[in-house]
Amino acid sequence: MNLNRINLNNLRVGAEGAYAILWSDMVALRRCLLNYLIATVVAPLLYIAAFVFGLGRDIQMDGQSYLQFVIPGIIAMTAMNSSFNGAVTRLVIDQIHWRSFDEVLMAPIGQVWLLLGKALIGVLRGMVSSVAFLVMAAIMSPGFHIEPLFFISLLLCCLIFSFLGVLSALLARTYDDMIVFSTIFIMPMAFLGGTFFSLTYLPPYLKYVIYLLPLTHASICLRSSLLGQTVPDASLFALVAFLTLFSGASLLVLRRKDA
């Protein structure tokens, strides 16, 4: 009984520490929520205009209209960009510009909870952006099956790219490092991760490479759940594996930085 009470108390203290890290971004987001929503949904709407209305709404992809096919992929891409940028921007500014991250390391917060708080900054922004675009997409194309598994997949997607943002920020030494990382990894993933096209049309050797991208499995899970199809267990397992990989690597880098 005492051991359980101690564990619950440690969990409560750790959660309060993660919330304290997250709190400042929640306040900043609340103050500019409308502007943030407008800024984050403009790009997805432009993709809809260019790839759907520009090419024609009568195009079919995997047995459904191209509009219904591409919307889940754009949601996954929106979650990736908002989560990654939300997590990485704040942490890079704290480390390189304000030089305040070392003071955060001195706070009485466990490293796991510290990382979680930094990652939740990206998760919050990713969820807000994705849900905002989902509402607009449901108006443009009614008939999506919005179920709990969709939000579980979306949360996993946001967590994955938030921790990837935290990891890249911890490894970055300059702003140029982040620009290079985004150009080499994030931008190609946005267009090659099964967002705008079906993987069935790809050559086998290229398909295997694209299946190594976390956005590919996020797009598969979100698309399957929204279209009322069975979500592949392999893709769900892959999302959990990527989350474990990026969060574990972030913790390892933070421990070396704090040593």
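Author: A pocket here is an open set of grid points where a 1.4 Å probe fits, with protein on both sides within 12 Å along at least five of seven lines. The model is predicted.

Start with the pocket itself. The largest pocket has a volume of about 290 Å³. Its lining counts 19 residues. Nearest the centre lie Asp-62, Leu-199, Tyr-211, Ile-220 and Arg-223. Two elements each give two or more residues to this lining: helix H9, spanning 214-226, and H10. H9 supplies the largest share, with six residues. By class, the lining holds eleven polar residues, six nonpolar ones and two charged ones.

Now step back to the chain. Ten helices and two strands make up its elements. Read from the N terminus, the order is α-α-β-β-α-α-α-α-α-α-α-α. The C-alpha trace spans about 60 × 50 × 40 Å along its principal axes. Buried residues account for 47% of the 259. The chain exposes about 13300 Å², and 68% of that comes from carbon and sulfur atoms. Take the contacts between residues at least 6 apart in sequence: 80% of them join residues at least 24 apart.

Begin with Met-61. It sits in strand E1, residues 60-61. Beyond four places in sequence, Met-61 touches Tyr-66, Phe-69, Phe-197, Ser-198 and Tyr-201. Met-61 is also 21 residues from Ser-82 in sequence, and their C-alpha atoms are 27 Å apart.

Next, Ser-250. This residue belongs to helix H10, which runs over residues 233-258. H10 is also one of the elements that line the pocket. Ser-250 is buried, because its relative accessibility is 0%. Its partners, leaving out residues up to four places away in sequence, are Leu-115, Phe-163, Val-166, Leu-167 and Leu-170.

Phe-163, Val-166, Leu-167 and Leu-170 are in contact with Ser-250. Helix H6 covers residues 148-171 and holds Ala-169. Ala-169 is buried too, with a relative accessible area of 0%. Past its close sequence neighbours, Ala-169 contacts Val-88, Leu-91, Val-92, Gln-95 and Met-178. Ala-169 and Phe-191 are 22 residues apart along the chain, with 23 Å between their C-alpha atoms.

Last, Phe-133. Its place is in helix H5, residues 111-140. Phe-133 has 0% relative accessibility and so counts as buried. Outside four places in sequence, Phe-133 is in contact with Val-41, Pro-44, Leu-45, Ile-48, Ile-71, Ile-74 and Ile-75. The C-alpha atoms of Phe-133 and Leu-149 are separated by 18 Å, and the two residues lie 16 apart along the chain.

To return to the pocket: H9 gives the largest share of its lining, and Asp-62 and Arg-223 are among the residues nearest its centre.

Conventions
Residues are numbered from 1 along each chain as its sequence is written. This is a predicted model: local features need pLDDT of at least 70, side-chain atom pairs count only at pLDDT 80 or more; totals for chains, interfaces and linings use all residues. Side-chain values use heavy atoms; hydrogens and water are left out. Helices (H or I, at least four residues) and strands (E, at least two) are DSSP runs, numbered from the N terminus. Buried means under 20% relative accessible area, exposed over 50%, partly exposed in between (1.4 Å probe, protein chains only). Contact means heavy atoms within 4.5 Å. On a 1 Å grid over the protein atoms alone, a cavity is a set of points where a 1.4 Å probe fits but cannot get out, and a pocket is an open set with protein on both sides within 12 Å along at least five of seven lines; lining residues have an atom within 4 Å of a point. Grid points are joined across faces, edges and corners, and a volume is the space filled by probe spheres set on the points. Ala, Val, Leu, Ile, Met, Phe, Trp, Tyr, Cys and Pro count as nonpolar, Asp, Glu, Lys and Arg as charged, and the others, Gly among them, as polar. Accessible areas come from the Shrake-Rupley method with a 1.4 Å probe; for residues, only the protein chains shown count as cover.
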